[in-house]
Amino acid sequence: MTYRAFLIKYSEIGIKGKNRYIFEDALCARIRENLAHIADGFEAIKEQGRIFLSCPEEYDYDRTVSQLKKIFGIWAICPVKVIPDNSFDSLTKATGDYVEEVYGDREITFKVEARRSDKRYPIETPQICADMGEYLLKRFANLKVDVRNPQVRIHVEIRNNAYVYSEIIPGPGGMPVGANGKAMLLLSGGIDSPVAGYMIAKRGVTVDAVYFHAPPYTSERALQKVIDLAQIISAYTGPIKLHIVNFTDIQLDIIEKCPRDELTIIMRRYMMRLAEHFAKKCGSLALVTGESIGQVASQTMQSLAVTNAVCEMPVFRPLIAFDKQDIIDISEKIGTYEISIEPYEDCCTIFVAKHPVTKPLLHVIEKSERKLEGSVEALVEKAIESVRIINVTSSKIYDKSRDE
Amino acid sequence: MDIYLDNAATTKVCEEAAQAAMNAMMTDYGNPSSKHTRGLDAEKIIKNATRIISGSIGAKPSEIVYTSGGTESNNMALIGAALAAKRRGDHVIASGYEHASVYNPLISLKDFGFETEFAPVDEMGHIKTDELLEMIRPTTVLVSVMYVNNEVGSVNDIAAIAEAVHKKNKDIIFHCDAVQAYGKYSISPEKLGIDLMSVSGHKIRGPKGSGFLYVREGVRVRPLIWGGGQQKDRRSGTENVPAIAGFAAATEQYDLKRREAVERLYELKLFFVNELNAIEGVYVHAIEREPDGSFSASGVRKTAPHIVSAGFEGARAEVLLHALEESGIYVSSGSACSANHPGISSTLKAIGVKKDLLDATLRFSFSFETTREELEKTIEVIKKILPVYTRFTRK
């Protein structure tokens with residue numbers, strides 16, 4: 001069966017009262033953007049609680065579905081047969097043709113589920129189901145009705161046109177990116193932060209990112225790894241403005257003047273400050289990190305509190321209560337895991353103390369930080385001025401192995 | 001201007017080689033096995049290349065088997081010769097600091113019922129011949145010793161080792177990994193007593209994916225790659241004509257320039273190692289010292305002209321490498337070692353380099369085009385950055 005259209009059902013958008021159009025428009029826009037590289041002529045239009053996506057004459061079906069499965073806000077993707085003439089006779093015949101084309105002579109149990117958004121339609125819903133069922137039974141010896149637990153539910157939706165479908169491909173859920181503001185993700189080369197970016201985007205948040213580079217202690221390959229990660233999650237989040245901050249001098253200043261066991265925590269406070277600076281500049285309203293309680297020394301409750309103390313913006317930590325394995329599972333699903341485990345050191349590990357503080361006290365850390373006064377301000381300024389921003393967009397190469 | 005001192009990893013392809021490869025891709029693009037003229041033209045390229053390449057080592061054209069490079073040559077030599085000799089015995093010996101493309105095939109031979117032993121190496125990076133000879137048993141079928149060590153540039157006396165090995169048992173197949181030696185030395189495997197010799201093209205400014213295995217007439221090697229029977233059944237697959245053409249062109253250039261260039265490189269190396277030696281906390285590996293601790297021309301000449309290995313006390317190799325890179329100087333770390341990547345160089349360990357220098361060693365490797373100015377600049381940069389990068393270390 002060659003489909004020329006999809007009926008796209010969305011998840012929570014449906015309940016958003018008067019703002020619903022914002023979400024629907026965002027979803028239509030994301031669908032258009034994400035399909036533009038597959039073929040010209042996709043058209044996504046709102047249609048009474050659904051989005052109707054019509055496809056050009058020639059397009060790659062698998063690739064289109066794969067792409068749609070990455071668009072947050074989509075709850076289900078239904079490849080549909082469009083029946084322009086919705087008089088009941090032609091509707092039943094066309095439904096029969098659909099069933100023949102899709103199921104051939106396979107023995108199946110079925111049920112017709114009809115829906116009439118056009119209430120002026122002369123036949124009422126239960127009657128449509130009954131008559132349609134009867135027609136199909138007469139026409140195909142291989143069909144049997146099972147109203148409780150059918151193998152196939154044949155959906156017939158009567159709108160301006162009529163739509164018939166029986167396959168419902170699950171989408172990722174969530175909300176369309178762009179519908180819920182923008183946030184700045186602190187992206188490292190690790191496993192957690194890309195997953196955090198993915199998860200926040202799933203709630204409709206546009207994501208920008210900041211990475212702290214410490215050449216020559218961290219290599220160009222470590223940076224490339226982060227760009228690769230950003231590229232993978234950008235398939236879900238849309239284009240990411242990746243801020244590459246040279247952190248070396250700040251880090252060395254801290255090493256030189258502060259106790260080594262406080263290095264990581266003080267570094268993280270500077271990273272948060274810098275991230276917040278860039279967030280404000282880009283119009284982001286929050287920071288996002290991949291932290292999870294207790295995972296490492298800098299992520300104990302006390303450390304998180306001390307790190308958090310430098311931020312004015314809310315800091316979102318979508319993985320805060322996740323076990324490592326749960327995070328790994330998601331990273332494998334979205335395809336970041338194999339990149340995250342490439343063995344390039346990032347600036348957090350390179351000078352790490354053997355026994356970093358795990359229960360830092362804010363006043364102690366602040367006292368240590370005062371030793372940086374007079375030198376660090378200029379270094380922070382320099383880091384801000386020398387930031388490199390690159391626009392990371394997802395690869396347009398179709399990787400079939402990534403289809404779930 | 002970039003200063004590329006990682007020529008033992010790979011070299012920039014020379015103009016002549018690029019032209020020859022280009023010609024074989026764009027003009028004489030035929031398949032040498034095709035019966036028409038296009039095929040004949042390609043076959044001619046291979047014949048001509050083989051004449052140059054076999055000539056460069058004083059071998060017969062029929063003794064050259066083209067491969068995809070050093071790794072394949074080593075695999076073919078070791079696995080192929082061991083399997084072909086299996087009826088005679090099941091014991092193989094190699095030196096304890098061979099390249100991974102020798103070491104790992106030998107380890108894999110265990111699956112075929114072979115036992116592999118590795119002979120120890122001394123501080124100067126030479127295989128301990130006496131101990132090697134003691135390892136030889138009646139069932140020993142294969143001995144592999146590298147010509148020039150790729151990490152520290154030490155040179156084994158292949159003629160003496162091969163002779164001693166064959167004296168114990170003339171049937172033992174003697175393999176030599178000459179990847180770092182080819183082009184820099186005039187090598188005649190026949191005179192040296194080598195039965196199998198591996199060579200790679202991209203170390204001498206030829207294209208990547210080129211290389212050969214010298215197989216002395218009469219030595220049996222079981223093919224690793226089976227197919228259409230090219231290269232007299234020894235290595236099937238359409239010959240990589242562009243790579244072979246480029247490789248031959250590069251060989252020609254090296255043969256033309258070698259005498260003069262190697263002389264010059266030894267002078268540069270002497271200058272460079274003495275400059276390094278004079279820097280506090282820098283230790284040059286595997287070159288004999290004079291009583292006063294310096295290096296002499298005769299000491300340096302016992303090593304390969306193009307490789308220098310030195311440890312930088314208190315620094316981390318990878319960090320230094322990236323710091324040099326910031327000044328446009330490209331070198332390699334003697335070992336790839338980091339918290340996530342615990343693969344300390346077997347060579348450095350084998351030659352007894354101090355533990356704290358294992359992860360602090362850089363390799364500088366020259367090409368025939370390396371200049372004194374480049375090395376002066378490198379020394380200058382090292383002097384400048386070393387204090388910075390020994391100040392901040394892991395705790």
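This report covers two parts of a predicted model: the domains of chain B and a pair of helices in chain A.

## The two domains of chain B

Chain B is split into two domains. Domain 1 is made of residues 3-8 together with residues 258-391, while domain 2 runs over residues 15-252. Between the C-alpha centres of domain 1 and domain 2 of chain B the distance is 28 Å.

## Where the domains of chain B touch

In chain B, 23 residues of domain 1 are in contact with 17 residues of domain 2. On the domain 1 side, α8 (241-277), β10 (307-312) and α11 (346-350) of chain B each supply at least two residues. The largest share of that side is from α11(B), with 4 residues.

Sorted by class, the side of domain 1 of chain B that touches domain 2 of chain B holds 10 nonpolar, 9 polar and 4 charged residues.

## A helix pair in chain A

Two packed helices are described by the angle between their axes and the distance between the axes. In chain A, helix α5 (residues 192-202) packs with helix α6 (residues 220-237) at an angle of about 15°, and their axes are 9 Å apart. Angles under 35 degrees count as roughly parallel, and α5(A) and α6(A) are therefore roughly parallel to each other. The crossing in which α5(A) passes α6(A) is right-handed.

## Residues between the two helices

From α5(A), the residues A:Pro194, A:Gly197, A:Tyr198 and A:Ala201 take part in the contact. They meet A:Leu229, A:Ile232, A:Ile233, A:Tyr236 and A:Thr237 of α6(A). By class, this contact of α5(A) with α6(A) has 7 nonpolar and 2 polar residues, and no charged residues.

Key
Residues are numbered from 1 along each chain as its sequence is written. Chains are lettered from A and ligands numbered from 1 in the order in which they are written. This is a predicted model: local features need pLDDT of at least 70, side-chain atom pairs count only at pLDDT 80 or more; totals for chains, interfaces and linings use all residues. Domain bounds come from an automatic or database domain assignment. Two residues are in contact if their C-beta atoms, placed from the backbone, lie within 7 Å. Ala, Val, Leu, Ile, Met, Phe, Trp, Tyr, Cys and Pro count as nonpolar, Asp, Glu, Lys and Arg as charged, and the others, Gly among them, as polar. Axes are lines fitted to C-alpha atoms, for helices over the stretch in contact, and angles run from 0 to 180 degrees between N-to-C directions. Angles under 35 degrees count as roughly parallel, over 145 as roughly antiparallel, 65 to 115 as roughly perpendicular and the rest as oblique. A crossing is left-handed if the near helix is turned anticlockwise from the far one by less than a right angle, and right-handed if clockwise.
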